[in-house]
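Have the sequence and the 3D view ready, and try each question before reading on.

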Amino acid sequence: MPLDKGKAPFTLPKLPYAEDALAPVISAKTISFHYGKHHKAYVDKLNELIEGTPYASETLEEIIKKSAKDEKAKAIFNNAAQAWNHDFYWHSMTAKGGTPSGKIKKALEDSFGGLEEFQKAFKAAAVGQFGSGWAWLVAKDGKLAIQTTSNADTPLAHGGKALLVADVWEHAYYLDYQNRRPDHVQAWLEKLANWSFAEENLG
Ligand code: MN3
């Protein structure tokens with residue numbers, strides 16, 4: 001996992017590519033706001049919220065799992081989960097994405113019937129997620145499955161194993177696609193989905 005394993009204060013993890021690497025599906029302008037403003041704000045806010053609390057000595061993943069069960073830590077959960085989700089999201093994309101091979105290709109065939117069937121189901125789930133949220137590919141009981149979460153929620157909080165994620169908050173695509181979430185998700189699947197990252201996570 002490329003994600004931050006350290007403890008507070010957390011720093012904004014480096015993007016795994018240049019800001020213009022995913023254009024034209026995701027423009028440099030979108031990445032610049034999404035990474036440089038939105039993602040950074042979640043990290044900064046998290047540091048501010050946990051300062052002087054027991055959460056300050058935990059790793060990001062521990063904070064997410066514990067604050068998910070703590071009614072009084074909703075803001076901590078939201079910012080910690082968004083910090084993690086975004087780092088996972090950047091790695092879920094690559095300029096040369098879209099085509100799975102090897103073990104993950106086989107897993108997609110076993111669980112969905114093939115890449116095309118998977119893409120159809122993933123797109124329907126991502127488009128059907130009402131309001132802000134995330135569309136995930138997860139591993140569950142030896143199979144792959146599609147799952148959506150609302151707002152900051154993340155499979156990590158519920159013992160799930162994430163393989164790949166698409167951000168379907170409007171800030172992820174609005175500058176490039178406006179209200180056309182289906183077109184954005186289609187292009188994301190065909191051009192950006194980082195199947196080697198998904199395979200790494202499958203283990
Ligand atoms: Mn986002």
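Why does Asp167 count as buried? Keep in mind that this is a predicted model. The cut-off for buried is under 20% relative accessible area. Asp167 has a relative accessibility of 1%, so it counts as buried.

The protein chain is divided into domain 1 (28-91) and domain 2 (102-202). Taken over C-alpha atoms, the centres of the two domains are 21 Å apart. Contacts link them: 20 residues of domain 1 touch 23 residues of domain 2.

Now for the sheet. In what order do the 3 strands sit? The order is S2-S1-S3, in an open sheet with antiparallel pairing. S2 and S3 stand at the edges with a single partner strand each, so one side of each has no neighbour in the sheet. On average, neighbouring strands here are turned by 25 degrees against each other, direction ignored. Packed on this sheet is helix H8, which touches S1, S2 and S3, and its direction makes about 155 degrees with that of S3.

Here are the pieces of that region, for finding your way in the viewer:

| Element | Residues |
|---|---|
| Strand S1 | 133-140 |
| Strand S2 | 143-150 |
| Strand S3 | 161-167 |
| Helix H8 | 195-202 |

S1 and S2 are antiparallel partners over 8 bridges. Within that pair, Leu137 stands opposite Ile146 in S2, and Lys140 faces Lys143 in S2. The two strands make a hairpin with 2 residues between them, and Asp141 in the turn has a positive phi of about 50 degrees.

Take a look at Leu202, which lies in helix H8. Which residues does Leu202 contact, leaving aside its neighbours within four places in sequence? They are Lys103, Ile104, Ala107, Ala139, Leu144, Lys161 and Leu163.

Finally, the inside. The largest nonpolar core has 62 residues, and Ile26, Tyr89, Met93, Trp188 and Trp195 touch the most other members. Helix H3 (residues 74-91) gives the most to this core, with 9 residues. Zoom in on Met93 and you'll see contacts with Tyr17, Leu22, Ile26, Trp188, Leu192 and Asn194, not counting residues up to four places away in sequence.

Trp188 and Leu192 turn up again in helix H7 (residues 181-192), where they are buried, as are Arg181, His184, Val185, Ala187 and Leu189. What covers the buried residues of H7? The cover includes H3, helix H5 (115-128), S3 and helix H6 (174-177).

Definitions and conventions
Residues are numbered from 1 along each chain as its sequence is written. This is a predicted model: local features need pLDDT of at least 70, side-chain atom pairs count only at pLDDT 80 or more; totals for chains, interfaces and linings use all residues. Side-chain values use heavy atoms; hydrogens and water are left out. Buried means under 20% relative accessible area, exposed over 50%, partly exposed in between (1.4 Å probe, protein chains only). Two strands pair if DSSP finds at least two bridges between them. Helices (H or I, at least four residues) and strands (E, at least two) are DSSP runs, numbered from the N terminus. Axes are lines fitted to C-alpha atoms, for helices over the stretch in contact, and angles run from 0 to 180 degrees between N-to-C directions. Contact means heavy atoms within 4.5 Å. A nonpolar core is a set of buried Ala, Val, Leu, Ile, Met, Phe, Trp, Tyr and Cys residues joined through side-chain atoms within 4.5 Å. Domain bounds come from an automatic or database domain assignment.
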